[in-house]
Each structure stands twice: as structure tokens, then as C-alpha cells.
Amino acid sequence: LMHKAYSESIGTPKVPSVSWKDVGGLEHLKKEILRSLKSNMFNSGLKRSGLLLHGPPGTGKTLLAKAVATQCGRNFLSVKGPELLNMYVGQSEHNVRDLFALAKVASPCIVFFDELDSLAPNRGRSGDSGGVMDRVVSQLLAEMDDLGDTGDVFILGATNRPDLIDPALLRPGRLDKLLYVGPCEDRSSQLSVINALTHKLQLAPDLNLEEIVSLLPTSVTGAQISALCSAAWLSCARQLILNGEHKQRRTVIVNRSHFLGALNSVFGEN
């Protein structure tokens, strides 16, 4: 019963409904992750346990992990580091064991550790009197080493601070390859992201997204572009309500003026 409750608390593994078209840009990262997953299909004895995605917040690390799981038809189990920690002695290590047992049952599976630096910090520097974090890191390493023998489980980690992660986790055979997921710094990738974010919105026929992209800062994250699209949609919906048109017309059609207003609210005056 406790195991079932824990499994439900972290989410039953399932294939997410995120496709490639939901992820704008990041083409080289998609190819690298898929290459690592496909290489593990060969029984060479040199399997890679996983990859570490690192970069600033809001650059699409979690979305990329979900899209990869969908593309490969694998179950996806997402865990934020602090979710596994428990105040009782030995329970945190038990949670780690349960997590990997659940992943093996659901194989082929991708386990995604968000905020990995909070779960696997440098041992000896965590500052907790009971040494809980050191034992959690040791348990995590043991479970990762056991992946090569049982099941088809691939680990993706994400962090904003790779320098805080215990070096043993980054040695060859574990999360030995670090992939940088950075902000969009060219117009083509920014256009790709905004196209991915607006494909479910109703846009005015005369709206030119290339013009909107040309007004963006030179370096912008996917989260900031998402905030721009949300602000534009909310501006249009608010205008419909204020004009009393929401009763006759339920469709929110976003136009150029809504995006220009959202640009000022999200990024300020350019």
C-alpha cells in the first residue's frame, strides 16, 4: 500500500503527449539524445546510463526530455530532486530504490531527474548532520550501475548548476555527457520556438510572426517566448470581454497589436 501511494505521488510512468513540433529549435540536442538512446539498443556491454542537460532556467530542458520519450515510444517518469527526500532515517534511500524498481517494471522507460543538483550534491559538503545526502548519492550511484544488467532504463538529468553535482555521477558510464541547453540567440531558432508555441492558437491571417521575432531581444529563452504568447492571448481575451463581444464570439484571434502590447509588457521597451 505504501509503495502504491509513493508510486502515485511521483506519477505512474506513461508515454507523454509531447511531440517534436511542440519543441522549437534544439535540433542538434534532439539528434544527440536519440543517438545515445539508439546506441544502447546494441548489446555491446558499453551502455551509457544517461545524459545531463544543463543550462539557464526556462530553456526547454523538461519539454525536450518529454518529446524524446514520445519520439522513442518510451514511458516517462519525471521526478524533481526534493520529492525523494524524507525526514525519516533510511526513507530517502528507500525512495530511490523504489523509483528505480518502478522504472524497471515500466521499461523501456526514461527517468527524468529535474533539479538534480538538489538530489546529488557533492558528498562531504552537504552540511546535514546525519549524512543523509551522502547516503542518497551513494544509493543513486548503486542503482545507476545496476541499470546495465536489468531492464531498458535511460536517465536524463537537468540542472542549472552542474558544478554542484557530485563528480562520481558524471564519470564515464553514468551521466558522462553534458549537453548545454541555452537561450535562443538566432532568429531562425526563435521563429521555430514561436511557431511551436502558437500552432494551437488562432492567429489573424495578416499576422507576420517573422516581424514579431525581429523585435525580440537577441538572446531569449523559450519560457520568455511562451510568456509573450500567453500575454498576447490574454490581451486579446481581455479586449473581447471589455467590448462585450465574448458572448457572441468565443474564438480568441490574436493579431499584431496584441503581440506588440505583449512585447512591451514582457520585455519592456526595446
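Which residues does Thr 221 touch, not counting residues up to four places away in sequence? I began my notebook with that one, and I keep in mind throughout that this is a predicted model.

**Entry 1: Thr 221**

I found Thr 221 in the loop between α8 and α9. Leaving out residues up to four places away in sequence, Thr 221 touches Pro 57, Gly 58, Thr 59 and Pro 183. I also looked up its accessibility: Thr 221 has 13% relative accessibility, and the cut-off for buried is under 20%, so Thr 221 counts as buried.

**Entry 2: the strands**

Next I went through the strand pairs. I started with β2 and β3, which pair in the parallel sense over 6 bridges. Between these two strands the chain passes through α4, and this β-α-β crossover is right-handed.

Then I moved on to β4. Strand β3 runs parallel to β4, and 5 bridges join them. Here Cys 109 has Val 153 of β4 as its bridge partner. Strand β1, residues 50-54, also pairs with β4 in the parallel sense, over 5 bridges. On that side I found Gly 50 opposite Ile 155 of β4.

Is β4 mostly covered or mostly open? I found it mostly covered, with 7 of its 7 residues buried. In a regular strand the side chains alternate between the two faces of the sheet, so I listed the residues face by face. One side of β4 holds Val 153, Ile 155, Gly 157 and Thr 159, the other Phe 154, Leu 156 and Ala 158, and all of these are buried.

**Entry 3: the core**

I then asked which residues have the most contacts inside the largest nonpolar core. They are Phe 100, Phe 113, Leu 116, Leu 140 and Leu 169, in a core of 28 residues. The elements that give two or more residues to this core are β2 (75-80), α4 (91-105), β3 (109-114), α5 (116-119), α6 (132-145) and β4 (153-159).

**Entry 4: salt bridges**

My count by the salt-bridge rule came to 12. I wrote up three of them in detail.

Arg 74 pairs with Asp 152, and their closest N and O atoms are 3.3 Å apart. Arg 74 counts as buried at 7% relative accessibility, while Asp 152 counts as partly exposed at 34%.

Glu 93 and Arg 135 meet through their side chains at 2.9 Å, N to O. This pair links distant parts of the chain, with Glu 93 in helix α4 and Arg 135 in helix α6, 42 residues apart. I looked up both ends: Glu 93 counts as buried at 9% relative accessibility, and Arg 135 is partly exposed at 32% relative accessible area.

Arg 174 and Asp 145 form a salt bridge at 2.6 Å, N to O. Arg 174 lies in the loop between β4 and β5 (178-180) and Asp 145 in helix α6, so parts 29 residues apart in sequence are tied together. Arg 174 is buried, with a relative accessible area of 8%, whereas Asp 145 counts as partly exposed at 39% relative accessibility.

I also jotted down a network: salt bridges that share partners join Lys 80, Asp 114 and Glu 115.

**Entry 5: helix α7**

My last stop was α7, residues 187-198. This helix has 12 residues and reaches 16 Å from its first C-alpha to its last, close to the 16 Å expected at 1.5 Å a residue. Which residues of α7 are buried? I noted Ser 189, Gln 190, Val 193, Ile 194, Ala 196 and Thr 198. Then I checked what covers them: the list includes β6 (202-203), α8 (209-214), α9 (222-242) and α10 (256-267). Helices α8 and α9 had come up in my opening entry, on either side of the loop that holds Thr 221.

Definitions and conventions: Residues numbered from 1 in each chain as written. Predicted model: local features only at pLDDT ≥ 70, side-chain atom pairs only at ≥ 80, totals over all residues. Heavy atoms only, no water. Core = buried A, V, L, I, M, F, W, Y, C linked by side-chain atoms within 4.5 Å. Buried < 20%, exposed > 50% of the residue type's maximum accessible area, 1.4 Å probe, protein only. Helix = DSSP H or I, 4+ residues; strand = E, 2+ residues; numbered from the N terminus. Expected span 1.5 Å × (residues − 1). Contact = heavy atoms within 4.5 Å. Pairing = 2+ DSSP bridges. Right-handed = clockwise from strand over helix to strand, strands pointing away. Salt bridge = Lys/Arg side-chain N within 4 Å of Asp/Glu carboxyl O.
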